Amino acid sequence: NPAGEVDAILRRKLLRWFSAAHQAQLPYACEMRGLAGRALPTTACRTRLCHFERYWHIPGVSLPEDSDLFGDTFIDAAPSTCGDSVIEDLADPDLDGEPLSAEELVAVEREMQEDTRRVGGIW
(Lines give C-alpha, C1' and ligand atoms only; values in the text may rest on other atoms or scores of the structure.)
Protein backbone atom coordinates (compact mmCIF):
# COMPACT_ATOMS: atom_id res chain seq x y z
CA ASN A 1 0.00 0.00 0.00
CA PRO A 2 1.69 3.23 -1.14
CA ALA A 3 -0.28 5.38 1.31
CA GLY A 4 1.83 4.00 4.17
CA GLU A 5 5.13 4.86 2.48
CA VAL A 6 7.15 7.39 4.50
CA ASP A 7 9.21 8.73 1.58
CA ALA A 8 6.98 11.16 -0.35
CA ILE A 9 8.93 10.76 -3.59
CA LEU A 10 8.64 6.98 -3.50
CA ARG A 11 4.96 7.22 -2.53
CA ARG A 12 4.30 9.33 -5.63
CA LYS A 13 6.11 6.76 -7.82
CA LEU A 14 4.13 3.88 -6.34
CA LEU A 15 0.78 5.64 -6.69
CA ARG A 16 1.24 5.74 -10.47
CA TRP A 17 0.74 1.98 -10.60
CA PHE A 18 -2.57 2.16 -8.71
CA SER A 19 -4.31 4.48 -11.19
CA ALA A 20 -7.58 2.88 -12.33
CA ALA A 21 -7.11 4.32 -15.82
CA HIS A 22 -3.93 2.33 -16.45
CA GLN A 23 -4.70 -1.11 -15.01
CA ALA A 24 -4.95 -2.78 -18.41
CA GLN A 25 -1.49 -1.50 -19.35
CA LEU A 26 0.34 -2.86 -16.29
CA PRO A 27 1.33 -6.16 -17.97
CA TYR A 28 2.91 -4.21 -20.82
CA ALA A 29 4.74 -1.94 -18.37
CA CYS A 30 6.12 -5.07 -16.66
CA GLU A 31 7.23 -6.48 -19.97
CA MET A 32 9.00 -3.22 -20.92
CA ARG A 33 11.00 -3.33 -17.70
CA GLY A 34 11.86 -7.02 -18.05
CA LEU A 35 9.75 -8.00 -15.07
CA ALA A 36 7.39 -10.45 -16.81
CA GLY A 37 5.57 -11.35 -19.98
CA ARG A 38 2.13 -10.03 -20.85
CA ALA A 39 0.37 -13.11 -19.46
CA LEU A 40 0.98 -12.10 -15.83
CA PRO A 41 -2.18 -11.01 -13.96
CA THR A 42 -2.61 -7.29 -13.30
CA THR A 43 -2.27 -7.60 -9.52
CA ALA A 44 1.02 -9.48 -9.86
CA CYS A 45 2.23 -6.84 -12.33
CA ARG A 46 1.40 -4.06 -9.89
CA THR A 47 3.30 -5.87 -7.13
CA ARG A 48 6.36 -6.35 -9.36
CA LEU A 49 6.30 -2.74 -10.53
CA CYS A 50 6.13 -1.53 -6.92
CA HIS A 51 9.07 -3.77 -5.97
CA PHE A 52 10.92 -2.40 -9.00
CA GLU A 53 10.29 1.19 -7.87
CA ARG A 54 11.39 0.43 -4.30
CA TYR A 55 14.55 -1.34 -5.47
CA TRP A 56 15.69 1.44 -7.81
CA HIS A 57 14.56 4.34 -5.61
CA ILE A 58 17.32 6.44 -4.08
CA PRO A 59 16.04 8.02 -0.83
CA GLY A 60 16.15 11.80 -0.87
CA VAL A 61 16.91 12.01 -4.60
CA SER A 62 14.18 13.30 -6.84
CA LEU A 63 14.82 12.25 -10.44
CA PRO A 64 12.64 13.34 -13.35
CA GLU A 65 9.68 11.00 -13.58
CA ASP A 66 9.21 8.92 -16.67
CA SER A 67 6.31 10.60 -18.43
CA ASP A 68 5.94 7.63 -20.79
CA LEU A 69 5.25 4.81 -18.31
CA PHE A 70 3.71 2.52 -20.89
CA GLY A 71 5.81 3.20 -24.00
CA ASP A 72 3.01 5.00 -25.81
CA THR A 73 5.20 7.78 -27.19
CA PHE A 74 6.69 7.21 -30.62
CA ILE A 75 10.30 8.28 -30.80
CA ASP A 76 11.06 9.79 -34.18
CA ALA A 77 14.75 9.25 -34.86
CA ALA A 78 14.73 11.01 -38.21
CA PRO A 79 17.76 13.21 -38.89
CA SER A 80 15.58 16.32 -38.81
CA THR A 81 14.77 15.71 -35.14
CA CYS A 82 18.28 14.60 -34.19
CA GLY A 83 20.06 17.49 -35.85
CA ASP A 84 21.71 17.06 -39.24
CA SER A 85 25.11 18.21 -37.98
CA VAL A 86 25.18 15.44 -35.36
CA ILE A 87 24.40 12.79 -37.98
CA GLU A 88 27.02 14.18 -40.35
CA ASP A 89 29.66 14.20 -37.61
CA LEU A 90 29.00 10.52 -36.84
CA ALA A 91 28.76 9.34 -40.44
CA ASP A 92 31.74 7.54 -41.97
CA PRO A 93 32.43 9.14 -45.37
CA ASP A 94 33.47 5.73 -46.76
CA LEU A 95 29.98 4.39 -46.04
CA ASP A 96 28.13 6.19 -48.78
CA GLY A 97 25.89 3.31 -49.85
CA GLU A 98 27.47 3.09 -53.32
CA PRO A 99 29.05 -0.12 -54.64
CA LEU A 100 32.84 -0.28 -54.46
CA SER A 101 34.72 0.84 -57.56
CA ALA A 102 37.38 -1.38 -59.12
CA GLU A 103 40.12 0.67 -57.43
CA GLU A 104 38.43 0.33 -54.04
CA LEU A 105 38.10 -3.44 -54.50
CA VAL A 106 41.81 -3.72 -55.27
CA ALA A 107 42.64 -1.67 -52.16
CA VAL A 108 40.42 -3.87 -49.96
CA GLU A 109 42.03 -7.04 -51.34
CA ARG A 110 45.48 -5.57 -50.68
CA GLU A 111 44.53 -4.74 -47.08
CA MET A 112 43.19 -8.25 -46.54
CA GLN A 113 46.44 -9.78 -47.87
CA GLU A 114 48.49 -7.55 -45.57
CA ASP A 115 46.32 -8.51 -42.59
CA THR A 116 46.72 -12.20 -43.48
CA ARG A 117 50.52 -11.87 -43.63
CA ARG A 118 50.52 -10.02 -40.29
CA VAL A 119 48.78 -12.84 -38.44
CA GLY A 120 50.86 -15.58 -40.06
CA GLY A 121 48.38 -16.60 -42.69
CA ILE A 122 45.71 -17.62 -40.18
CA TRP A 123 42.24 -16.18 -40.70
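Guide: Let us begin with burial: a residue is buried under 20% relative accessible area, exposed over 50%, and partly exposed in between, with a 1.4 Å probe and protein chains only. This is a predicted model, in which local features need pLDDT of at least 70, side-chain atom pairs count only at pLDDT 80 or more, and totals for chains, interfaces and linings use all residues. Residues are numbered from 1 along each chain as its sequence is written, and side-chain values use heavy atoms, with hydrogens and water left out.

Visitor: Is Val-108 buried, partly exposed or exposed, and what is its relative accessibility?

Guide: Val-108 counts as partly exposed, because its relative accessibility is 34%. Across the chain of 123 residues, 20% count as buried.

Visitor: How many helices and strands does the chain have?

Guide: Helices (H or I, at least four residues) and strands (E, at least two) are DSSP runs, numbered from the N terminus. The chain has 6 helices and 0 strands, giving the order α-α-α-α-α-α from the N terminus on. Val-108 belongs to helix 6, residues 102-118.

Visitor: How many salt bridges does a search of the whole structure find?

Guide: A salt bridge is a side-chain nitrogen of Lys or Arg within 4 Å of a carboxyl oxygen of Asp or Glu. The search finds 2 of them. In one, the side chains of Arg-54 and Glu-5 meet at 3.6 Å, N to O. This pair links distant parts of the chain, 49 residues apart: Arg-54 is in helix 3, and Glu-5 is in the segment before helix 1 (8-15). Arg-54 is partly exposed at 36%, whereas Glu-5 is buried, with a relative accessible area of 19%.

Visitor: With which residue does Arg-16 form a salt bridge?

Guide: Its partner is Glu-53, and the closest N and O atoms are 2.7 Å apart. This pair also links distant parts of the chain, 37 residues apart, with Arg-16 in the loop between helix 1 and helix 2 (26-32) and Glu-53 in helix 3. Both Arg-16 and Glu-53 are buried; Glu-53 has a relative accessible area of 8%.

Visitor: Which residues is Glu-53 in contact with, leaving aside its neighbours within four places in sequence?

Guide: Contact means heavy atoms within 4.5 Å. By that rule, Glu-53 touches Leu-10, Lys-13, Leu-14, Arg-16 and Trp-17, once neighbours within four places in sequence are left aside.

Visitor: How many disulfides does a search of the whole structure find?

Guide: A disulfide is a pair of cysteine sulfur atoms within 2.5 Å. The search finds 0 disulfides. Cys-30 is in none, and the nearest cysteine sulfur, that of Cys-45, is 3.7 Å away. Cys-30 counts as buried at 0% relative accessibility, and Cys-45 is buried with a relative accessible area of 0%.
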